[in-house]
Amino acid sequence: MKTIKAFIVDDDVDAIRLAATILSKAGYEVASETDSRQALSRILKEQPDCVLLDIMMPDLDGLQLCGKIRATPRLAKVKVVMVSAKSYKFDREQAFRFGADAYFVKPIKPKSLLEGLERLFSDPTT
């Protein structure tokens, strides 16, 4: 099985560190960016299999970045996973309208995140 490349975008360094640790221990290759404005060019360069986005970030929020990823043909196969402290149904629905493939509420539960990503990568319809 090929190593899955994940890219994390969050303005909170501790949140990146936690997610990166979880993913690295599970065998993922991980890169990250704290500046949402720089993220799209880095994602294009890195060509990850999945991108984990925080919703609440300054300048360009996670929903806007998700929309930009979805509007970029070279990134059509990238799985976009929203990771946010926002737990309301409205926020989840909005994330999916912008093109997210999955939504996880912070604080991240390692088992739930890894199982959710495994489902995403094993489901031929996504």
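**View A. Pairing of strands E4 and E5 in the predicted model.** In this predicted model, strands E4 and E5 are joined by four bridges and pair in the parallel sense.

View B. Five strands form an open sheet in the order E2-E1-E3-E4-E5, with parallel pairing. Strand E2 (29–33) and strand E5 (102–105) stand at the edges, and because each has a single partner strand, one side of each is left without a neighbour in the sheet. On average, and with direction ignored, neighbouring strands of this sheet are turned by 20° against each other.

**View C. The buried side of helix H3.** Within helix H3, which spans residues 62–70, the buried residues are Gly-62, Leu-63, Leu-65, Cys-66 and Ile-69. These residues lie on the same side of H3, because the arc they cover around the axis is only 160°. They pack against strands E1 (5–9), E3 (50–53) and E4 (79–84), and also against helices H2 (36–46) and H4 (89–97).

**View D. Placement and N-terminal end of helix H3.** Helix H3 lies across E1, E3 and E4, and runs at about 180° to E4. The N-terminal end of H3 is capped by Asp-61, which has a side-chain oxygen 2.9 Å from the backbone nitrogen of Leu-63; Leu-63 is also one of the buried residues of this helix.

How values were computed. Residues numbered from 1 in each chain as written. Predicted model: local features only at pLDDT ≥ 70, side-chain atom pairs only at ≥ 80, totals over all residues. Heavy atoms only, no water. Buried < 20%, exposed > 50% of the residue type's maximum accessible area, 1.4 Å probe, protein only. Helix = DSSP H or I, 4+ residues; strand = E, 2+ residues; numbered from the N terminus. Arc of directions from axis to C-beta. Contact = heavy atoms within 4.5 Å. Polar contact = N/O pair within 3.5 Å; in protein donor to acceptor, adjacent residues only side chain to side chain. Pairing = 2+ DSSP bridges. Axes fitted to C-alpha atoms, helices over the stretch in contact; angles between N-to-C directions.
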